[in-house]
Amino acid sequence: MTDHHAEAPLAPTTGEHAGELSKKGLSAGTVGLIGAVVIGISCIAPAYTFTAAVGPTASVVGLQVPAIILVGFIPMLLVAFGYRELNRAMPDSGTSFTWASRAFGPWIGWMAGWGLVSATILVLSNLAGIAVEFLFLLIAQLTGNESIASLAHETWINIAVCLLFMLGATTISYRDMQTTQKLQYFLVSFQVLVLLFFAGSAIVQASSGGGFDPTPFDWSWFNPFAVSSFGAFAAGLSLSIFIFWGWDVTLTMNEETKDPEKTPGRAATVTVLTIVSLYLLLAIAMIMFAGVGDGALGLGNEAIQENVFFHLSGPILGPLAFLVSLAVLTSSASSLQSTFVSPARTLLAMGHYGALPSKFAQVSPRFFTPGYATIVSAVVASAFYAVMRFLSEDVLWDTITALGMMICFYYGLTAFACVWYFRKQWFDSVRSFFFTLLFPLVGGVILAILFVTTLVDSMDPDYGSGSNVAGVGLVFVLGVTVILVGVAVMIWQAVKRPAFFRGETLSIDAPSSLRRR
């Protein structure tokens, strides 16, 4: 029988390699373990993420911020184990899309891919917006002219500079992974060093009796049971899931890493452990220095919560305060660039397996990167940002909250895909039981509960920024719209490209138990 897929390198459906995954023309072996960890840390963007998340978290849980960071870290670690197992069995750049398709079939797989792509495109637009604000803040700090910072709130200036950031990030992402890695080594090292310097200075000052509201360190900060209510606990959890999001980029690069079965999984684990350590250190330093009250510099003060690092940088670092703004700027700019890796490679896989037009499967002949998919991601993210910014600033903040739902959606689906895909191997060994059944199942269930909780809570018109559409919270409307648009596009693709949806290009599979062989 001739292979009728010769012109499109899909997963073969006949012959001895039936159902196997196939290469997509990306440059193999260009990313090592350290490179993957650096890109993972960059994608999470610790400086940018934590400056926006630590204040609201402290308002909800008080001194228990370190406990909530640890609790939020647990589902991420459990899901990361599931990702690691799936990657070991099927290293494929489509990650969530490919794995959910293999476990649950093309329809659920397509939606998992949509969840990943829509979440990353939503956050791309937001990262560019943050980079713009910090660029003007930094210029204002260096020149001593505070009025410059307000230029970021001029809609046209904001959108224009934002599109320039997008253009720069797209250009670098379009070039090879080597360019991405070199740039990231520099940006991530700078960001982490500034954060360590900031934390160290805060702890030293607080220990010697300085600081705004010096609070002596106490191990009880790590006790999650001291949080006042379950509502506060859930709110803190969803915030902490947002601060860890992005480590899965290490797995999206699996076809470009050295030793693709092992390196991406290891990189994901190392990334998550590094980030949790950094966050705990920063949380402890900031609580010791400023306390969690609602005084001028207290973490509970709503006036400083949008950007805590900026407000504390002067009192802690004095004349070197501009370093913190520079760190957050490099954090959001480097994350903008590394976040492109995920949607571009997922779209590449979707095009490759026939779930989207074959144009998405095009790889740049010069740079061996998913050129077309990268450009499409950039154009959609830029258009989304410009339209949303023009409508209202609230809408952009609400998209970040809606983003939390999308993250829970596709991470949860992937965790369940791991559980179901390996169902015949659950009881092969103790290791198998923990890593293919228990850990991903618990992680997936926690994320599913959070997804449903956020969905229900966000119907309240006061949720998020307080904007609503016909009495229903804007966050709910945004989250549900993104999912419904995905369903509509999926049905349209199913009519135009039935082969994928019939399971011809990516078949359902479940590896048999190793014991019975």
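I take pLDDT as the predictor's confidence in each residue, on a scale from 0 to 100, and helices (H or I, at least four residues) and strands (E, at least two) as DSSP runs numbered from the N terminus.

**Ground rules.** I am working with a predicted model, in which local features need pLDDT of at least 70 and side-chain atom pairs count only at pLDDT 80 or more, while totals for chains, interfaces and linings use all residues. Residues are numbered from 1 along each chain as its sequence is written, and side-chain values use heavy atoms, with hydrogens and water left out.

**Confidence.** I looked up the protein chain and found a mean pLDDT of 82, with 91% of the residues scoring at least 70. Confidence in the chain is lowest in strand β1 (residues 468-469), with a mean of 74, and highest in helix α4 (residues 96-104), at 91. Over residues 1-22 pLDDT stays under 50, although the model has 37 contacts for them beyond four places in sequence, a contact being heavy atoms within 4.5 Å. Where pLDDT is low, the predicted coordinates should not be read in detail.

**Helix α3.** I checked the length of α3 (residues 65-89), whose 25 residues should span 36 Å at 1.5 Å a residue (1.5 Å times one less than the number of residues); the end C-alpha atoms lie 37 Å apart, which agrees. Of the 25 residues of α3, 21 are buried (under 20% relative accessible area, with exposed over 50% and partly exposed in between, using a 1.4 Å probe and protein chains only).

**C43.** I located C43 in helix α1 (residues 33-44), where C43 is buried because its relative accessible area is 10%. Beyond its neighbours within four places in sequence, C43 is in contact with W245, G246, V249, S335, S338 and T339. I also noted that C43 and A235, 192 residues apart in sequence, are 23 Å apart in space, C-alpha to C-alpha.

**T346.** Not counting residues up to four places away in sequence, T346 touches S93, G94, T95, F97, G113, L116, V117 and T252.
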